[in-house]
Amino acid sequence: MIHEMPKLPYAQDALDPVISQKTIEFHYGKHLQTYVDNLNKFVKGSEYENSSAEEIVNKAPDGDIFNNAGQVLNHTMYFLQFTPKPDRKEPQGDLLNLINEGWVSFDNFKTEFTHAGITLFGSGWAWLSLKPDGQLVITKEHNGCNPLRYGWKPLLCFDVWEHAYYLDFQNRRADHLKGLWDIIDWNVVENRMLL
Ligand code: MN
């Protein structure tokens with residue numbers, strides 16, 4: 001199969017100032033495009049030629065194919081979870097209930113999740129996932145890893161590679177992450193629980 005770029009559900013300048021048009025042009029247009037191109041190149045002739053990015057992240061050993069499939073999957077989830085005009089700034093229903101069970105309040109959860117992103121050393125991702133036992137968990141994943149690798153259901157991700165924020169926020173990673181809460185489309189995140 002041919003891996004493809006996700007189509008952005010918003011204009012390239014729509015997420016400014018949290019994610020500027022320039023950052024979209026580089027992060028989506030160059031970095032993600034390169035991961036997609038590399039994945040297509042590396043799977044050619046391999047046993048993963050007909051596997052989806054999800055299947056590769058599930059079972060491929062560490063290496064070029066796994067790294068690029070992880071980054072294609074991670075960035076696809078990342079870019080599709082944003083909207084310039086969210087109809088609400090917090091989750092509802094089952095997701096909100098589970099967050100309250102795990103972290104007492106949504107505000108508390110936001111603090112913990114942001115903290116995971118701020119304290120991740122080096123390049124990687126902060127993730128919220130649903131485990132098979134029905135509990136939510138926040139993890140810090142290095143490089144291109146995705147919680148799917150552990151059999152968990154990935155719901156929400158913050159990219160803390162420097163390419164995600166450096167053009168707009170330079171070294172102020174925390175300020176960028178705090179801004180992301182204003183552009184999350186909770187409908188998208190909630191629907192991932194049903195997949
Ligand atoms: Mn990235």
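Strands E1 and E2 form a hairpin with 5 residues between them, and Gly134 in its turn has a positive phi of about 90 degrees. The model described here is a predicted one.

- An open sheet is formed by 3 strands in the order E2-E1-E3, with antiparallel pairing.
- Its edge strands are E2 (136-142) and E3 (153-159), each of which pairs on one side only.
- From one strand to the next, the twist averages 25 degrees.
- E1 and E2 run antiparallel and are joined by 7 bridges.
- Strand E1, which covers residues 124-130, also pairs with E3 in the antiparallel sense, over 6 bridges.
- Which residues are the bridge partners of Leu128? In E2 the partner is Ile138, and in E3 it is Leu156.
- Helix H3 (residues 64-80) packs on the sheet and touches E1 and E3; the direction of H3 makes about 85 degrees with that of E3.

- Distant parts of the chain are linked by the pair His27 and His163, which are 136 residues apart.
- His27 belongs to helix H1, whereas His163 is found in the loop between E3 and helix H6 (166-169).
- His27 counts as buried because its relative accessibility is 1%, below the 20% limit for that class.
- His163 has a relative accessible area of 17% and is therefore buried as well.

- Thr23 has its place in helix H1, which spans residues 21-43.
- With a relative accessibility of 1%, Thr23 counts as buried.
- Not counting residues up to four places away in sequence, Thr23 touches Tyr28, His163, Ala164, Leu167 and Asp168.
- Leaving aside neighbours within four places in sequence, Val36 is in contact with His3, Glu4, Met5 and Val72.
- Val36 and Leu8 are 28 residues apart along the chain, and their C-alpha atoms are separated by 15 Å.

**The pairing of helices H5 and H7**

- Two packed helices are described by the angle between their axes and the distance between the axes.
- For helix H5 (residues 106-119) and helix H7 (residues 173-180), the angle is about 145 degrees and the axes are 10 Å apart.
- The crossing in which H5 passes H7 is right-handed.
- Which residues meet where H5 and H7 pack? Thr114, Gly117 and Ile118 in H5 meet Arg173, Ala174, Leu177 and Lys178 in H7.
- The residues of this contact divide into 3 nonpolar, 2 polar and 2 charged.

Note on methods
Residues are numbered from 1 along each chain as its sequence is written. This is a predicted model: local features need pLDDT of at least 70, side-chain atom pairs count only at pLDDT 80 or more; totals for chains, interfaces and linings use all residues. Side-chain values use heavy atoms; hydrogens and water are left out. Helices (H or I, at least four residues) and strands (E, at least two) are DSSP runs, numbered from the N terminus. Buried means under 20% relative accessible area, exposed over 50%, partly exposed in between (1.4 Å probe, protein chains only). Contact means heavy atoms within 4.5 Å. Two strands pair if DSSP finds at least two bridges between them. Axes are lines fitted to C-alpha atoms, for helices over the stretch in contact, and angles run from 0 to 180 degrees between N-to-C directions. A crossing is left-handed if the near helix is turned anticlockwise from the far one by less than a right angle, and right-handed if clockwise. Ala, Val, Leu, Ile, Met, Phe, Trp, Tyr, Cys and Pro count as nonpolar, Asp, Glu, Lys and Arg as charged, and the others, Gly among them, as polar.
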